[in-house]
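Hi,

Have a look at it first, and then read on for what turned up.

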Amino acid sequence: MKNQENSQSIKEFLCWRENLYHGVNARKETVIELVDALSSNSIASSVVELSEHPLFRRDYNSLYKGIQEFLPDKNDDNYSQQVNYLLEAVSQTIPTPVSRHFHLFGIDTTPCPRPFSATLADKTFIHYPNPIQGNKPISIGHSYSVISALPEGIATGNIPWAVP
C-alpha cells in the first residue's frame, strides 16, 4: 500500500514539475534547479548562499537571470499556454478542502521603499507609514504581494501553516 502511495506522489510531483517546466519562459533548467535548491535548503539566508547549494549547478548570475526571465513574455505566441501551465502547477499545490465547499485565500502586501535607487525602472508610489506628524504615508519603491491558500483546521483544533 505504501509503495502505491509513493508511486502516486511521484507521478503527481513529476506532473507538477512538467507543468512548471512548460510554463517558464526562458532558462527552464535554471528555474528547475532553483526550485530543487529552495526545496532542499533550510539554512540559506541569501541568494548567494542559495546559488552555492549542490543542487544548483550554475553560478549566482544565472540564478538572478532565471528569476528575472521567469514569467512568460506577453508578446510570445505561446503566452496563454505558458500561463495555463503555470496556473496548473500552482493549483496542484493547493490542498483540497474537506469540510468546506470552497478555497479560502489570504493576501498581504509588504512595502519596500527605494527612494534613492535611480536605476530601478519600475518604482512607483507605495503606501508606507511615516511616524512624523504631518507627513503623508507614502514613499517610492516596490510593493510585494503574497497570496496564500488558507487550509482548514484539523479535527484537534490546530490550524496548519498557510501554503504560500
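Let me start with helix 1 (residues 2-23) and helix 5 (residues 79-91), whose axes come within 7 Å and cross at roughly 150°. Axes here are lines fitted to C-alpha atoms, for helices over the stretch in contact, and angles run from 0 to 180 degrees between N-to-C directions. The two helices are therefore roughly antiparallel to each other, on a scale where angles under 35 degrees count as roughly parallel, over 145 as roughly antiparallel, 65 to 115 as roughly perpendicular and the rest as oblique. Helices (H or I, at least four residues) and strands (E, at least two) are DSSP runs, numbered from the N terminus.

The crossing of helix 1 and helix 5 is left-handed, a term used when the near helix is turned anticlockwise from the far one by less than a right angle, with right-handed for clockwise. On the helix 1 side, Trp16, Asn19, Leu20, His22 and Gly23 make the contact, and on the helix 5 side Gln82, Tyr85, Leu86, Glu88 and Ala89 do. Contact means heavy atoms within 4.5 Å. By class, this contact holds 5 nonpolar, 4 polar and 1 charged residues, where Ala, Val, Leu, Ile, Met, Phe, Trp, Tyr, Cys and Pro count as nonpolar, Asp, Glu, Lys and Arg as charged, and the others, Gly among them, as polar.

A word on provenance before going further: this is a predicted model, in which local features need pLDDT of at least 70 and side-chain atom pairs count only at pLDDT 80 or more, while totals for chains, interfaces and linings use all residues. Residues are numbered from 1 along each chain as its sequence is written, and side-chain values use heavy atoms, with hydrogens and water left out.

Helix 1 also packs against helix 2 (28-39), at an angle of about 140° and with the axes 9 Å apart. Helix 1 and helix 2 are therefore oblique to each other, and their crossing is right-handed. Here Trp16, Arg17, Leu20, Tyr21 and His22 of helix 1 meet Lys28, Glu29, Ile32, Val35 and Asp36 of helix 2. The classes in this contact are 5 nonpolar, 1 polar and 4 charged residues.

Which residues make up the largest nonpolar core? It has 7 residues in all: Trp16, Leu20, Val24, Val31, Ile32, Leu86 and Ala89. Helix 1, helix 2 and helix 5 each supply at least two residues of this core. A nonpolar core is a set of buried Ala, Val, Leu, Ile, Met, Phe, Trp, Tyr and Cys residues joined through side-chain atoms within 4.5 Å; buried means under 20% relative accessible area, exposed over 50%, and partly exposed in between (1.4 Å probe, protein chains only). Not counting residues up to four places away in sequence, Trp16 touches Val35, Ala89, Gln92 and Thr93. Another core, of 5 residues, lies apart from the largest one and includes Leu34, Ala37, Phe56 and Leu63.

The next pair is helix 2 and helix 4 (residues 60-68), with axes that come within 9 Å and cross at roughly 105°. These two are therefore roughly perpendicular to each other. Thr30, Val31 and Leu34 of helix 2 make the contact with Ser62, Leu63, Gly66 and Ile67 of helix 4.

Two loop residues are also worth a click. Arg27 sits in the loop between helix 1 and helix 2 and has a phi near 55°, a positive value in a residue other than glycine. Its relative accessible area is 33%, so Arg27 is partly exposed. Pro54 belongs to the loop between helix 3 (47-51) and helix 4, and counts as exposed at 68% relative accessibility.

Finally, strand 2 (residues 124-127) contains Ile126 and Phe125. Leaving aside neighbours within four places in sequence, Phe125 is in contact with Ile138, Ser139 and Ile140, and the contacts of Ile126 include Pro111, Cys112, Pro113 and Gly141.

Happy browsing!
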